[in-house]
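Subject: A structure for you to explore

Hello,

Here is the structure I promised to pass on to you. Please open it beside this email, and then read on for what turned up in it.

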Amino acid sequence: LDRERHCQLFRGVRYSLAGDQIVRRNPVRHLHDTVRKLTAPRDEPLVLFLGAGFSASSKMPIGNSIRNATIRRICELPDVHDGRGDEQLAASLFQFANAASRDLLAQHEEEIGEEAFARTATLEQVVRIERDLLEVPVPQTITELRERYNERIADPGFKLGDSVYALHEIIDARRRLVIVTVNFDELVEHEHDAQLDIIVDDDDFVRIAAVLATMRQGGAHPDGKIPLLKLHGTLNRPETCVATDEQTRSGITPAKAEALMSLVRALPPEHRVPWVYVGASMRDIDLDRVFGAREFNDSVSERWVSPWPEDSVGRFVYRKQRWWAAEGQTLLERTVTETADAFMKTLANGWP
């Protein structure tokens, strides 16, 4: 499947083959029905959890492209297409980090071996190896991401993706909304920082918890702003960026966990917070403790936005046994199988 060719609104495929597996996508009416559910009047605000897929149409470097570029830099491989795929590059990193006298692998990485490491290596692991190799407080990956982002934003020809424009429309309309993101970029707040309460460090998260509890009960932000919770930090404050697997394995800080849980605590019977993961792979292991908590599971009505149901989301769902899965609902039913652009535009247009 190719997102651009096969997954556009009104002209996307419904069925395709990935190896010997049938991949199903929902009809367009599923998108519209989901938006009606999300925007129905209720006390609880809509929570949008933004992952890398939200920023994709803005042509920001994301996912494995960043990871692979960092691997090439660490291993001093040519920055050209040389036929190495994702797993081959990760295997090269394993060999480099495991070479005599380097000792750059964590114990569990050594134990699982090269093949398993190559299949599962994340950007956070790669950044941690880069940091330990060069012994710098802010890894070069983060510095380069910030430079590339600021250059792109400053380019007169730069165009934000449709998903960002649509979210800006929603922000301008002052909808009952909380935005949570693990993205480092600053697309959400671009020219909209005055309408947002931007939460980055632990002091911010401590302050916002009481506001989120008020919003959960039907109240409003005291300044009429929309909270933007940046769980992994922000590019132009690189010291706040959660970029290594050591940080993600230790979980989010208590202040961040408390802020998230303040959105879902002590709801009236039969009430749930509408919670939509837009372009999120659910691989952020530092959030497992919160998203795996029974209180969270019982109190949110989760949905995903992805052009097709992702295997990593499936592993997250069925490992945690969500309440809706126990009731017989499938991940496909809970997935808007459209791009982030299509979903956000439909949400902006369909929010009464």
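**What was found**

Let us start with a helix and its neighbours: the buried residues of α10 pack against β4 (177-181), β5 (196-199), β6 (226-230) and α12 (254-262). Please keep in mind as you look around that this is a predicted model.

**Helix α10**

Helix α10 covers residues 202-216, which makes 15 residues. From its first C-alpha to its last, α10 reaches 21 Å, close to the 21 Å expected at 1.5 Å a residue. There is a bend in α10 as well, of about 35°, and you will find it at I208.

Which residues of α10 are buried? They are D204, F205, I208, A209, V211, L212, A213, M215 and R216. After α10 comes G218, and its phi is positive, near 100°.

Next, look for L50, which lies in strand β3 (residues 46-50). Is L50 buried or exposed? Its relative accessibility is 1%, and buried means under 20%, so L50 counts as buried.

L50 and V180 are 130 residues apart along the chain, while their C-alpha atoms are separated by 6.2 Å. Leaving aside residues up to four places away in sequence, L50 touches L167, I179, V180, T181, V182, N183, V188 and V278.

**A pocket and a cavity**

Now for the spaces. The second largest pocket has a volume of about 200 Å³. Its lining is made of K37, L38, R42, E44, E270, H271, R272, P274, S301, R303 and W323. Two elements, α2 (28-38) and β8 (300-305), each supply at least two residues of that lining. How do the lining residues of this pocket divide by class? Three are nonpolar, two are polar and six are charged.

The structure also holds three cavities of 30 Å³ or more. In the largest cavity lies about 60 Å³ of space. I66, A69, T70, R73, T141, E144, L145 and R148 line this largest cavity, and α4 (63-75) and α8 (140-154) each supply at least two of the lining residues. By class, the lining of the largest cavity has three nonpolar, two polar and three charged residues.

**Two loop residues with positive phi**

D103 has a positive phi, near 55°, and is a residue other than glycine. You can find D103 in the loop between α5 (86-97) and α6 (107-120). Why does D103 count as exposed? Its relative accessibility is 60%, and exposed means over 50%, so D103 falls in that class.

R174 is not a glycine either, and has a positive phi of about 60°. The place of R174 is in the loop between α9 (162-172) and β4. At 46% relative accessibility, R174 lies between the 20% and 50% cut-offs, so R174 counts as partly exposed.

Enjoy exploring, and best wishes

Methods:
Residues are numbered from 1 along each chain as its sequence is written. This is a predicted model: local features need pLDDT of at least 70, side-chain atom pairs count only at pLDDT 80 or more; totals for chains, interfaces and linings use all residues. Side-chain values use heavy atoms; hydrogens and water are left out. Helices (H or I, at least four residues) and strands (E, at least two) are DSSP runs, numbered from the N terminus. The expected span of a helix is 1.5 Å times one less than its number of residues. The bend at a residue is the angle between axes fitted to the seven residues ending there and the seven starting there. Buried means under 20% relative accessible area, exposed over 50%, partly exposed in between (1.4 Å probe, protein chains only). Contact means heavy atoms within 4.5 Å. On a 1 Å grid over the protein atoms alone, a cavity is a set of points where a 1.4 Å probe fits but cannot get out, and a pocket is an open set with protein on both sides within 12 Å along at least five of seven lines; lining residues have an atom within 4 Å of a point. Grid points are joined across faces, edges and corners, and a volume is the space filled by probe spheres set on the points. Ala, Val, Leu, Ile, Met, Phe, Trp, Tyr, Cys and Pro count as nonpolar, Asp, Glu, Lys and Arg as charged, and the others, Gly among them, as polar.
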